[in-house]
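This report considers charged side-chain pairs and strand pairing in one protein model. The sequence and structure are shown below for reference.

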Amino acid sequence: MARDVRELAGAWRTFQRHAFPGPSPDLAPYVERYWVVRWNYREPYRQLIVPYPNVHLTFREGAATVNGVHSGHRVKVLTGDGRVFGVAFRPGCFRPFLRAPVSAITDRSIDATEVFPGDLPAVAEVASVEDFCGPGCRSPTRGPRRPPESSRGSPPTRE
């Protein structure tokens, strides 16, 4: 299971499919983008995960995880057929959901139900994921405060 460190063979282009649907207007102040990756590998593939300054909520194989900002590269081994649905929160916009400093989950992953109440969606897609994490944005008693006006519709800033 050798890794093509320079990606000259382009296995990720050949065996993976990527999509980037946009969030609804209700969640757009918090969510930068959704992302979906599907793969089909006959042999294990070492996928390099590049760190970004975003908290990600990921749905895979019936589980959901909140992934804090990571300070370095990571490698995930992908095998067989698989799919992951992800939510990339805008930098600085996850704290209202976590109700704690985001630095508390730096280089960590936690079960999504620790942050978002309710049952996980049976199928992770835009509508079901927005139903899962969206009520917090729509209910001031259950959810996060609105992000500052300066972060709406403008390039996000780091927290």
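## Salt bridges

In this predicted model, a search of the whole structure identifies two salt bridges. One of them links R33 and E32, whose closest N and O atoms lie 2.4 Å apart. R33 is classed as partly exposed because its relative accessibility is 22%, a value that falls between the 20% limit for buried residues and the 50% limit for exposed ones. E32 is likewise partly exposed, with a relative accessible area of 29%.

The side chains of R60 and E61 also form a salt bridge, with an N to O distance of 4.0 Å. R60 has a relative accessible area of 30% and is partly exposed. E61, at 70% relative accessibility, counts as exposed. In general terms, side chains of opposite charge can pair when their charged atoms come close.

## Organisation of the sheet

Six strands make up an open sheet with antiparallel pairing, in the order β1-β2-β5-β3-β4-β6. Its edge strands are β1 and β6 (109-111), each of which pairs on one side only. On average, neighbouring strands of the sheet are turned by 20 degrees against each other, direction ignored.

## Strand pairs

Strand β1 (residues 16-19) runs antiparallel to strand β2 (residues 31-49), and four bridges join the two. Within this pair, Q16 has W39 of β2 as its bridge partner.

Strands β2 and β5 are also antiparallel and are joined by 15 bridges. Strand β3 (residues 56-60) pairs with strand β4 (residues 63-67) in the antiparallel sense over five bridges; here H56 stands opposite N67 of β4.

## The surroundings of V75

Which residues does V75 touch, not counting those up to four places away in sequence? The contacts of V75 are R46, Q47 and L48. V75 belongs to strand β5 (residues 74-89), and V75 is the bridge partner of L48 in that strand.

The C-alpha atoms of V75 and Q47 are 5.4 Å apart in space, although 28 residues separate the two in sequence. Is V75 buried, partly exposed or exposed? V75 counts as partly exposed because its relative accessibility is 37%.

Terms used
Residues are numbered from 1 along each chain as its sequence is written. This is a predicted model: local features need pLDDT of at least 70, side-chain atom pairs count only at pLDDT 80 or more; totals for chains, interfaces and linings use all residues. Side-chain values use heavy atoms; hydrogens and water are left out. Buried means under 20% relative accessible area, exposed over 50%, partly exposed in between (1.4 Å probe, protein chains only). Contact means heavy atoms within 4.5 Å. Two strands pair if DSSP finds at least two bridges between them. Axes are lines fitted to C-alpha atoms, for helices over the stretch in contact, and angles run from 0 to 180 degrees between N-to-C directions.
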